[in-house]
Amino acid sequence: MKEVQNEKLKQQLLQETAYTDNFSIEIISGTRLFHVLAGDCIVKEGHPPLYLFYLARGRAKLYATQANGRVSLIDFFGAPCFIGEIELVDQHHEPRAVQAIEECWCLALPVKQYRPLLLKDVTFLRNLCVALSQKNYRNIVSLTQNQSFPLINRLAAFILLTQHCDIYHEKHTPAAEYMGVSYRHLLYVIAQFTAQGLLLKQKNGYLITNKKALTALALEMDPDNHFTDLLH
């Protein structure tokens, strides 16, 4: 992750995301711009973030390392959204890792300087409550889908959410745990997708060879999602 001095792009992202609508205090002068490459961390696990990030472009995933060393996927983020807001409100919260799935651009406020101001900003706190409730609702929907739909639909959606440049390369164990299935069941459905020409196995993962078919499967489960945006 690298801070970028590009006022024109910063202003463009401010307008695209309606960033300032989240606050009633003046924050533009203190807002910084960060560029994050795919695979880089926005927040490192166990390290309290120095910034309150606002994901302006891109997709990211949240994960945690368990006491036994296994990595568990928790959630996925798409722009625009806050990252590090829990740590801002609760300084004792154990930070989880947030990793960029694809190239990301983040607007960011230094926590040390802005925490006292933000925790008194009624507009920010109201918007934060709405954002957290939406994340919680999304997690409830995801849990319900895991219980209600076959793996073929859930895996199609998971592949679309985690792919980068049409390559799916998530590790099988955390992927299986996230979807609540066995490792063997996951491999069986991946093999089905490969045999049907939806995926092509490569050294660095699986090339998506029929994104339209995967999207159709994902939309059977989640018709209100914007998977079709990934077709462009």
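In the predicted model, Leu-161 lies in helix α5, which spans residues 151–162. Leu-161 and Tyr-114 are separated by 47 residues in sequence, and their C-alpha atoms are 32 Å apart in space.

Helix α5 packs against helix α7 (residues 183–195) at an angle of about 75°, the two axes being 10 Å apart. The arrangement of α5 relative to α7 is therefore roughly perpendicular, since angles of 65 to 115 degrees fall in that class. On the side of α5, the contact is made by Leu-151, Ile-152, Leu-155, Ala-156 and Ile-159, while α7 contributes His-185, Leu-186, Val-189, Ile-190 and Phe-193. Classified by residue type, this contact of α5 with α7 comprises nine nonpolar residues and one polar residue, with no charged residues.

Charged side chains are considered next. Side chains of opposite charge can pair when their charged atoms come close. Seven salt bridges are present in the structure. One of these is formed by Glu-16 and Arg-57, whose closest N and O atoms are 3.0 Å apart. This pair links distant parts of the chain, given that Glu-16 belongs to helix α1 (residues 7–17) and Arg-57 to strand β4 (residues 51–57), at a separation of 41 residues. Glu-16 is partly exposed, its relative accessibility being 46%, and Arg-57 is likewise partly exposed, with a relative accessible area of 29%.

A salt bridge is also formed between Glu-102 and Arg-59, with 3.0 Å between the closest N and O atoms. Glu-102 is located in the loop between β8 (97–100) and β9 (104–110), whereas Arg-59 is part of strand β5 (residues 59–65), so that the pair ties together parts of the chain lying 43 residues apart in sequence. The relative accessible area of Glu-102 is 22%, which places this residue in the partly exposed class, while Arg-59, with a relative accessible area of 12%, is buried, because its value is under 20%.

In a further salt bridge, the side chains of Lys-135 and Glu-85 meet at an N to O distance of 2.8 Å. Here, too, distant parts of the chain are linked, with Lys-135 situated in helix α4 (residues 122–148) and Glu-85 in helix α2 (residues 85–89), 50 residues apart. Lys-135 and Glu-85 are both buried.

Note on methods. Residues are numbered from 1 along each chain as its sequence is written. This is a predicted model: local features need pLDDT of at least 70, side-chain atom pairs count only at pLDDT 80 or more; totals for chains, interfaces and linings use all residues. Side-chain values use heavy atoms; hydrogens and water are left out. A salt bridge is a side-chain nitrogen of Lys or Arg within 4 Å of a carboxyl oxygen of Asp or Glu. Helices (H or I, at least four residues) and strands (E, at least two) are DSSP runs, numbered from the N terminus. Buried means under 20% relative accessible area, exposed over 50%, partly exposed in between (1.4 Å probe, protein chains only). Axes are lines fitted to C-alpha atoms, for helices over the stretch in contact, and angles run from 0 to 180 degrees between N-to-C directions. Angles under 35 degrees count as roughly parallel, over 145 as roughly antiparallel, 65 to 115 as roughly perpendicular and the rest as oblique. Contact means heavy atoms within 4.5 Å. Ala, Val, Leu, Ile, Met, Phe, Trp, Tyr, Cys and Pro count as nonpolar, Asp, Glu, Lys and Arg as charged, and the others, Gly among them, as polar.
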